[in-house]
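Keep the viewer open while you read.

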Amino acid sequence: MNETSLGGVRTVAQLRELAYDSGFEVVDASVGSPVDPPPAVVPHLLASSGVERHYPRSDGSPGFKDAALAWLLRSAGVALDVAQVGATIGSKEFITTLPAILARQRQDRDVVLVPSIAYPSYAVGARWAGLEVYPMPLGADGGPDFGAIPEEVAVRALLAWVNSPNNPTGAIYDLAGASRFGERHGVIIASDECYRDFGWSGQPGSLLEFGTASHIGVFSLSKRSNLAGLRIGIYAGDTDLIREIAQTRRELGLMPPGPVQAVAARIFEDEEHVLEQRRRYLERLELLAGWMSRLLDTPVSPPQGGIYLWVPATAEFNHDGTALARMLASKIGLVVAPGENYGDPRFVRIAATISSGQMEALAPRMGSAG
């Protein structure tokens with residue numbers, strides 16, 4: 001973990017201490033960790049898979065792959081084959097290990113491009129691999145402005161990350177520009193699509209809709225199915241890249257547990273629970289946006305997509321997200337993530353992973369603080 005990440009961890013820990021001292025029951029919205037129940041069938045599937053005795057396939061069992069491929073076809077209209085998909089132990093470990101895996105055979109490429117406001121793990125993985133991180137400026141649509149990347153950086157770029165809806169801003173943007181940039185400069189494009197089920201102002205697209213050549217899509221069941229604790233997801237795309245990645249992951253012993261793969265294969269078939277989770281998150285985001293609008297006396301809109309509210313600190317807080325976060329912790333008992341952790345210190349990120357009971361408890365506190 002780099003120094004910036006360590007600083008962010010320390011700041012959130014300090015905010016939790018302030019919240020504990022507030023006298024309120026603490027509501028921690030600093031991490032997007034699901035709080036709602038997974039599909040009811042999950043415990044039964046874990047107990048009855050019959051595959052816990054032997055080592056699981058690192059890249060995914062045949063049943064897991066078939067279910068993942070069918071889901072990709074239904075949800076994104078992307079038809080792939082079994083050589084183009086693999087299993088992850090959640091998406092975070094894949095994100096942080098991918099640069100090191102790709103760099104083994106591409107030592108002339110030493111830069112990873114990340115959105116300037118983004119999930120910190122993109123940069124953490126690049127630095128862990130000994131690579132340079134180049135923050136891409138954001139365009140008017142909230143996505144990376146690939147046209148602003150200098151040629152001398154582009155020719156050294158190994159990998160570029162995109163994430164729509166973006167964590168933390170919620171921006172939904174077209175991924176065609178990323179695809180064209182990758183093709184023009186020989187850069188691998190990786191798309192973190194773990195929030196693609198949560199589009200509020202439109203349906204987020206998939207990078208794989210633009211073909212698979214030098215493209216990798218990363219998907220997770222953590223948020224859509226409340227299975228973050230089981231750590232399971234998929235990576236898919238370019239046949240040669242998927243084969244290369246799968247081989248290295250096999251050598252490293254990165255194997256999603258067999259019973260968890262069995263659960264995922266079944267859960268990929270069920271969309272009803274995802275619709276219910278969409279309803280929960282949208283309701284919470286709209287409530288939080290309304291509360292923060294009144295608290296700050298300035299309009300705060302729900303995001304275009306995703307499960308986070310990206311809130312600017314007002315002049316009252318000197319446009320300092322950490323100052324706003326300290327007020328929320330000390331006066332309301334609400335812990336949020338300062339925007340400095342994601343690339344913009346003027347904001348805070350509030351996760352909608354707050355239980356219904358906690359939302360009810362927050363309502364009068366937000367009103368009295370305002």
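First, some housekeeping. This is a predicted model, so local features need pLDDT of at least 70 and side-chain atom pairs count only at pLDDT 80 or more, while totals for chains, interfaces and linings use all residues. Residues are numbered from 1 along each chain as its sequence is written, and side-chain values use heavy atoms, with hydrogens and water left out.

**The cavity**

Rolling a probe the size of a water molecule over the atoms shows where empty space is left. Here a cavity is a set of points on a 1 Å grid over the protein atoms alone where a 1.4 Å probe fits but cannot get out, and lining residues have an atom within 4 Å of a point. Grid points are joined across faces, edges and corners, and the volume is the space filled by probe spheres set on the points. The count comes to 1 cavity of 30 Å³ or more, and the largest cavity holds about 30 Å³ of space.

Which residues line the largest cavity? They are Trp71, Glu193, Arg196, Asp197, Phe219, Ser220 and Arg224. By class, that lining has 4 charged, 2 nonpolar and 1 polar residues. For the classes, Ala, Val, Leu, Ile, Met, Phe, Trp, Tyr, Cys and Pro count as nonpolar, Asp, Glu, Lys and Arg as charged, and the others, Gly among them, as polar.

Glu193, one of the lining residues, sits in the loop between β6 and β7. Helices (H or I, at least four residues) and strands (E, at least two) are DSSP runs, numbered from the N terminus. Glu193 has a relative accessible area of 3%, so it is buried; buried means under 20%, exposed over 50%, and partly exposed in between, with a 1.4 Å probe and protein chains only. Leaving aside neighbours within four places in sequence, Glu193 is in contact (heavy atoms within 4.5 Å) with Leu175, Gly205, Ser206, Leu207, Val218 and Phe219.

Two packed helices are described by the angle between their axes and the distance between the axes. The axes are lines fitted to C-alpha atoms, for helices over the stretch in contact, with angles running from 0 to 180 degrees between N-to-C directions. For α4 and α8 (residues 239-252), the axes come within 11 Å and cross at roughly 100°. That makes α4 and α8 roughly perpendicular; the cut-offs are under 35 degrees for roughly parallel, over 145 for roughly antiparallel, 65 to 115 for roughly perpendicular, and oblique for the rest.

On the α4 side, Glu93, Phe94, Thr97, Leu98, Ile101 and Leu102 meet Leu241, Glu244, Ile245, Thr248 and Arg249 of α8. The contact of α4 with α8 has 6 nonpolar, 2 polar and 3 charged residues. Gln105 is in the loop between α4 (91-103) and β3 (111-115). Its C-alpha atom is 9.6 Å from that of Glu244, although the two residues are 139 apart along the chain.

Helix α5 (residues 121-128) has Ser121, Tyr122, Ala123, Gly125 and Ala126 as its buried residues. They pack against α4, β3, β4 (132-136), β5 (157-162) and β6 (188-192). After α5 comes Gly130, with a positive phi near 80°.

His215 is found in strand β7 (residues 215-220). Beyond its neighbours within four places in sequence, the contacts of His215 include Ser179, Ile189, Phe210, Asp238 and Leu241.

| Residue | Relative accessibility | Class |
|---|---|---|
| His215 | 4% | buried |
| Asn226 | 10% | buried |
| His185 | 14% | buried |
| Gln105 | 61% | exposed |
| Asn318 | 67% | exposed |

Where are the cis peptide bonds to look at? One joins Ser164 and Pro165, with omega about 0°. Another runs from Asn167 to Pro168, with omega near 25°. Pro165 is in the loop between β5 and α7 (176-185), and Pro168 is in the loop between β5 and α7 too.Asn226 has a positive phi near 55° without being a glycine, and lies in the loop between β7 and β8 (233-237). Asn318, not a glycine either, has a positive phi of about 55°; its place is in the loop between β9 (308-312) and α11 (321-332).

Notes:
On a 1 Å grid over the protein atoms alone, a cavity is a set of points where a 1.4 Å probe fits but cannot get out, and a pocket is an open set with protein on both sides within 12 Å along at least five of seven lines; lining residues have an atom within 4 Å of a point.
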